[in-house]
Amino acid sequence: ARVRREDGAAEIVAADGAIRLALPHDAPAPADGEAVHLGLRPHRLSVGGGDIKGRVLANFWLGDQSHLAVEVTGARVVAALDGAVDAPIGTEVTLGAPPASVHLFDSRTGAAILHAGAPA
């Protein structure tokens, strides 16, 4: 993933641009163009209505929740969702990733930069 800064706003761009997540204005973030590792908290993601589009690789029903693996331009994103999810393998879905789902790590050192919407 890479940091993109423009007009004071910062976003994380990953999966060849298929994932774009705005960061809070006051969030600590590396310089424009710097590489970071992006982590998304699976239990905070939602299906439908989001900006992340991908193809369902797996949909595991675990009795009280579903684990949905989605391929987004070569990147695998996993969502842990309450209840059963009607998303057959091979279908297209959208995922929502609120700021509370985002984690950033320095790609050189592995040090945390941002955890779940709050500075690390």
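Is Asp 16 buried or exposed? In this predicted model, Asp 16 has a relative accessible area of 76% and is therefore exposed, since the limit for that class is over 50%. The residue is found in the loop between strand 2 and strand 3, and its phi is positive, at about 55°, although Asp 16 is not a glycine. Most residues other than glycine have a negative phi.

Strand 2, which covers residues 9–14, pairs with strand 3 in the antiparallel sense over five bridges, and Ala 10 stands opposite Leu 23 of strand 3.

A second open sheet is made of four strands in the order 7-6-5-8, and here too the pairing is antiparallel. Its edges are formed by strand 7 and by strand 8, residues 92–96, each of which pairs on one side only. Neighbouring strands of this sheet are turned against each other by 50° on average, direction ignored. Strand 5, residues 46–61, is joined to strand 8 by six bridges in the antiparallel sense, and Ile 52 has Leu 95 in strand 8 as its bridge partner.

Thr 73 lies in the loop between strand 6, residues 65–72, and strand 7, and has a positive phi of about 50° although it is not a glycine; with a relative accessibility of 43%, Thr 73 counts as partly exposed. Thr 91 is found in the loop between strand 7 and strand 8 and is likewise partly exposed, with a relative accessible area of 28%. When residues up to four places away in sequence are not counted, Thr 91 touches Gly 54, Arg 55 and Val 56.

A further antiparallel pairing joins strand 9, residues 102–106, to strand 10, residues 112–115, over three bridges, with Phe 105 opposite Ala 112 of strand 10. Five residues lie between the strands of this hairpin, where Gly 110 takes a positive phi near 80°.

The largest nonpolar core contains 28 residues, and those with the most contacts inside it are Ile 19, Leu 23 and Leu 104. With neighbours within four places in sequence left aside, Ile 19 is in contact with Ile 12, Val 13, Ala 14, Leu 38, Ile 52, Val 72 and Val 77. Thr 91, by contrast, is 72 residues away from Ile 19 in sequence and 18 Å away in space, taken from C-alpha to C-alpha.

Note on methods. Residues numbered from 1 in each chain as written. Predicted model: local features only at pLDDT ≥ 70, side-chain atom pairs only at ≥ 80, totals over all residues. Heavy atoms only, no water. Core = buried A, V, L, I, M, F, W, Y, C linked by side-chain atoms within 4.5 Å. Buried < 20%, exposed > 50% of the residue type's maximum accessible area, 1.4 Å probe, protein only. Contact = heavy atoms within 4.5 Å. Pairing = 2+ DSSP bridges. Helix = DSSP H or I, 4+ residues; strand = E, 2+ residues; numbered from the N terminus. Axes fitted to C-alpha atoms, helices over the stretch in contact; angles between N-to-C directions.
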